[in-house]
Amino acid sequence: MYEFEDVHNTLIPGVVTPGIQVTWSRHRAWHGETVSILVRTELVKDGTRLKLEIKVKDDKLLDSLDKGTIAGNANSQTYKIDWKGKKLTADATEFVVTATIKDYGITADSESLFVDVVPPMFSA
């Protein structure tokens with residue numbers, strides 16, 4: 001009998017899980033600018049609801065966007081950085097966005113977006 005002779009019609013059980021990734025369109029921004037939030041998924045049906053939460057890295061929630069849906073395994077939204085009334089501390093410069101799809105129980109955090117909330121001080 002040869003090495004490759006045998007019944008090859010066997011079932012190999014496995015689980016295929018959907019995936020999600022979220023990123024900012026840039027790495028740095030100023031307060032008042034508009035940036036994009038880009039979400040990419042795998043094996044997620046079109047029309048599935050998506051929730052985005054913007055927060056200070058390792059701290060409090062700043063904003064929540066709950067109106068997006070997945071289309072073609074993607075979702076892109078523009079977001080204006082307007083946190084004047086949010087009472088941020090002076091050392092808050094790193095911000096992340098968390099994408100959640102409840103139907104599949106998946107969640108992902110983005111890399112940090114560095115935002116200069118305080119305008120720069122120029123010498124006279």
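The model is predicted, with local features needing pLDDT of at least 70 and side-chain atom pairs counting only at pLDDT 80 or more, while totals for chains, interfaces and linings use all residues. Residues are numbered from 1 along each chain as its sequence is written, and side-chain values use heavy atoms, with hydrogens and water left out.

Me: Why is the pair of Tyr 79 and Trp 83 called tilted?
Reply: Planes under 30 degrees apart count as stacked, over 60 as edge-to-face and the rest as tilted. The centres of Tyr 79 and Trp 83 are 6.4 Å apart and the planes are at 40°, so the pair is tilted.

Me: What is the pair of Trp 83 and Phe 95 called?
Reply: Trp 83 and Phe 95 form a tilted pair, with 4.4 Å from centre to centre and 40° between the planes.

Me: Why does this pair tie together parts that are apart in sequence?
Reply: Trp 83 lies in the loop between strand S6 (74–80) and strand S7 (94–101), and Phe 95 lies in strand S7, so the pair ties together parts 12 residues apart in sequence. Strands here are DSSP runs (E, at least two residues), numbered from the N terminus.

Me: How do you know whether Trp 83 is buried or exposed?
Reply: Buried means under 20% relative accessible area, exposed over 50%, and partly exposed in between (1.4 Å probe, protein chains only). Trp 83 has 2%, so Trp 83 is buried. Phe 95 has 0%, so Phe 95 is buried. Tyr 79 is buried too.

Me: Which residues do the ring pairs link into a cluster?
Reply: The cluster consists of Tyr 79, Trp 83 and Phe 95.

Me: What makes S3 and S6 paired strands?
Reply: Two strands pair if DSSP finds at least two bridges between them. Strand S3 (residues 34–42) and S6 have seven bridges, so they pair, in the antiparallel sense. In one of the bridges, Val 35 has Tyr 79 in S6 as its partner.

Me: Why are S1 and S6 called edge strands?
Reply: In the open sheet of three strands, the order is S1-S3-S6, with antiparallel pairing. Strand S1 (19–24) and S6 each pair on one side only. S1 and S3 pair over six bridges.

Technical notes: Phe/Tyr/Trp six-rings, centres within 6.5 Å; stacked < 30°, edge-to-face > 60°. Helix = DSSP H or I, 4+ residues; strand = E, 2+ residues; numbered from the N terminus.
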